[in-house]
Amino acid sequence: MTKASDVFILKNKKGLEVSFIAHGGQIISIKVPNHCGEVADVVIGYDTIEETLAGDAYFGAICGRYANRIVKGQFEINGESFQLDTNNGANHLHGGVDGFNNRVWDVEPVKIRRFVQAYKLSLVSPDGDQNYPGELSVSVIYGITEENEFAIEYSAKSTKDTIINLTSHAYFNLKGAGEGTIADHELTLNSDKYTPIDEEIGTVSGEIAEVRGTALDFSSGNLISEALESNDPQVKLVDGIDHNFVISAYDESLRIAARLEHEESGRMMEVYTDQPGIQVYTGSHFDGSEKGKNGKPIEKWGGVALETQIFPDSPNKKNFPNAILKAGRNYSHTCVYRFL
Ligand code: BGC
């Protein structure tokens with residue numbers, strides 16, 4: 001049996017190295033060399049496993065069963081109503097109080113041709129877990145390639161009709177964790193629409209709006225600072241970016257969702273997914289009071305999470321993609337982080 005603090009490492013010959021622990025499948029570091037061979041750890045986190053276990057519950061973690069928010073924690077399937085816990089004001093966030101980020105995953109090495117190294121993380125979530133219907137068997141592959149890709153492949157099956165939306169919650173900073181904010185990173189999103197929020201806590205209104213003419217237009221690349229410093233009411237509501245973007249021409253195939261670039265350090269990453277949306281969250285709730293890697297404070301906007309997903313609150317929004325997983329059917333979701 002795997003222990004919460006067990007550490008696993010994936011490495012390729014180009015020097016990309018991803019470390020994670022069994023607790024929450026939390027990615028604790030991603031070491032990436034730039035063109036000059038200078039290595040930086042590009043995900044925010046802590047120096048020790050003890051601090052990771054006691055620290056921010058979502059750093060690098062697998063979130064589920066439903067990542068992001070479900071308004072009032074309520075939804076209906078086949079005419080039956082379900083009430084999940086409300087752990088985010090009146091809403092349900094990232095699977096509830098005891099979400100998948102808080103579980104000890106069973107981890108085993110697996111041989112898969114397309115990866116130079118891979119691990120399979122699995123867990124069984126019992127029927128009624130956090131009040132979700134159906135026993136859900138989940139497995140997640142973490143795999144690395146010689147093309148500097150770190151892939152996350154989720155799959156799941158339920159014994160009853162249920163809802164599902166798994167994601168990964170690493171915060172990236174291409175200068176290196178603790179080396180300042182991501183304001184100077186350029187972000188490009190394959191998206192010309194987003195789902196506006198209607199209150200400070202970040203719940204979506206149900207509208208699908210154009211990004212054109214707003215501070216959230218990253219369709220042809222923009223410095224993140226331009227949004228952070230703008231007076232756009234959507235940005236003001238959450239003191240940064242905490243929005244779901246609609247991936248253009250979604251057709252369930254793997255396609256580019258985002259590119260993040262930091263010119264000075266020469267690091268760039270791309271995010272590919274087969275999901276319809278991506279949450280961009282600039283870590284506005286960090287306030288510098290907590291110590292992160294190298295003893296440096298975890299500051300506001302110190303990292304950006306790029307979470308591939310079905311839209312927030314989809315179970316209650318008829319115009320959003322379907323988040324229902326029928327009994328016995330397979331849920332699958334791929335997310336690839338590629339470092340260039
Ligand atoms: C959400 C934020 C939330 C954060 C918690 C993100 O995925 O978009 O609103 O505060 O998770 O870590």
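Predicted model: local features only at pLDDT ≥ 70, side-chain atom pairs only at ≥ 80, totals over all residues.
Reader: What separates the polar side-chain atoms of Y171 and E307 from a ligand oxygen?
Author: For Y171 the distance from a polar side-chain atom to an oxygen atom of the ligand is 3.4 Å. For E307 the corresponding distance is 2.8 Å. Taken alone, the ligand exposes 310 Å², and the protein buries 91% of that.

Reader: Which residues are around the ligand?
Author: They are Y58, R69, H94, H169, Y171, D242, Q279, Y281, H285 and E307. By class, this shell has three nonpolar, four polar and three charged residues.

Reader: And which pocket does the ligand take?
Author: The ligand takes the space of the second largest pocket.

Reader: Let us turn to D161. Where is it, and is it buried or exposed?
Author: D161 is in the loop between β13 (149–158) and β14 (162–163). Its relative accessibility is 19%, so D161 counts as buried, the cut-off being under 20%.

Reader: What does the side chain of D161 contact?
Author: The side chains of D161 and N78 are joined by a polar contact of 3.0 Å.

Reader: Now the backbone. Which peptide bond is cis at R65?
Author: The bond from G64 to R65 is cis, with omega near 5 degrees. R65 is found in the loop between β5 (62–63) and β6 (69–70).

Reader: What is the phi of K72, and of N148?
Author: K72 has a positive phi of about 60 degrees although it is not a glycine. N148, also not a glycine, has a positive phi of about 60 degrees.

Reader: Where do these two residues lie, and how accessible are they?
Author: K72 lies in the loop between β6 and β7 (74–77); with a relative accessible area of 48%, K72 is partly exposed. N148 is in the loop between β12 (136–144) and β13, and N148 is buried, at 10%.

Reader: Finally, where is V104, and how far is its C-alpha atom from that of L123?
Author: V104 lies in the loop between β9 (92–93) and β10 (106–110). V104 and L123 are 19 residues apart along the chain, and their C-alpha atoms are separated by 8.1 Å. V104 is partly exposed, with a relative accessible area of 41%.

Definitions and conventions:
Residues numbered from 1 in each chain as written. Heavy atoms only, no water. Near = heavy atom within 4 Å. Polar contact = N/O pair within 3.5 Å; in protein donor to acceptor, adjacent residues only side chain to side chain. Areas by Shrake-Rupley, 256 points an atom, 1.4 Å probe, with all protein chains shown as cover. 1 Å grid on protein atoms, 1.4 Å probe; cavity = no way out; pocket = protein on both sides within 12 Å on 5 of 7 lines; lining within 4 Å. Sits in = over half its atoms within 2 Å of the grid points. Nonpolar A, V, L, I, M, F, W, Y, C, P; charged D, E, K, R; others polar. Helix = DSSP H or I, 4+ residues; strand = E, 2+ residues; numbered from the N terminus. Buried < 20%, exposed > 50% of the residue type's maximum accessible area, 1.4 Å probe, protein only.
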